[in-house]
Amino acid sequence: MFWHMTVCMQLLYSLNEKMCGESLTTNKIRTKGALMKKNIHNIERLARIILGGFLASLAFWGPANPWFLLGLIPLFTGLIGWCPPYALLGINTCNLGKPE
């Protein structure tokens, strides 16, 4: 499966080079990673992990309903340290409490 993704990426890069006249260098590819820059403070991450873990654990001991799946969202965002709505709204809580 991984080689499918590699072939598709190479095809996209070659198409971009033919259509735009420029190749995608490693610098341009690395800037893509800036989209998932950490934007959640460590204390908030811990709170999200605890709350998400608790809500997700309802699948094993709580009422039998699908609401436990909502716990996966804060659990996942807490583990990776990046929140998509924060990124869309330009919110970054990483620097809270630090002198500028």
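## Thr77 and its surroundings

Thr77 touches Ile40, Arg48, Trp82, Cys83 and Pro84, not counting residues up to four places away in sequence; a contact here means heavy atoms within 4.5 Å. The residue sits in helix α4, which covers residues 72–80. Helices are DSSP runs of H or I with at least four residues, strands are runs of E with at least two, and both are numbered from the N terminus. Thr77 counts as buried because its relative accessibility is 6%. The cut-offs are under 20% relative accessible area for buried, over 50% for exposed, and partly exposed in between, using a 1.4 Å probe and protein chains only.

The side chain of Thr77 also has a polar atom 3.2 Å from the backbone oxygen of Pro74. For a polar contact, two N or O atoms have to be within 3.5 Å; within protein, one must be able to donate a hydrogen and the other to accept it, and residues adjacent in sequence count only if both atoms are side-chain atoms.

## What kind of model this is

This is a predicted model, where local features need pLDDT of at least 70 and side-chain atom pairs count only at pLDDT 80 or more, while totals for chains, interfaces and linings use all residues. Residues are numbered from 1 along each chain as its sequence is written, and side-chain values use heavy atoms, with hydrogens and water left out.

Helix α3 runs over residues 42–61, so 20 residues, and spans 28 Å from first to last C-alpha, close to the 28 Å expected at 1.5 Å a residue. That expected span is 1.5 Å times one less than the number of residues. Arg45, Arg48, Gly52 and Ala56 are the buried residues in α3, and their cover includes α4 and α5.

Search the whole structure and you get one salt bridge, that is, a side-chain nitrogen of Lys or Arg within 4 Å of a carboxyl oxygen of Asp or Glu. Its partners are Arg48 and Glu44, at 3.0 Å from N to O. Both belong to α3 and lie four residues apart, about one turn of the helix. Arg48 counts as buried because its relative accessible area is 15%.

Tyr86 belongs to helix α5, residues 84–89, and is buried because its relative accessibility is 18%.

Beyond its neighbours within four places in sequence, Tyr86 is in contact with Asn39, Ile40, Glu44, Arg48, Ile91 and Thr93. Asn39 is 47 residues away along the chain, yet the two C-alpha atoms are 7.1 Å apart.

## The aromatic pair

There is one aromatic pair. Phe54 and Trp61 make it, tilted, with 5.8 Å between centres and 55 degrees between planes. Rings of Phe, Tyr and Trp (its six-membered ring) pair if their centres lie within 6.5 Å; planes under 30 degrees apart are stacked, over 60 edge-to-face, and the rest tilted. Phe54 is partly exposed because its relative accessibility is 42%, while Trp61, at 55%, is exposed.

## The chain overall

The chain has five helices and zero strands. Of its 100 residues, 17% are buried. Among contacts with a separation of 6 or more, 65% join residues 24 or more positions apart.
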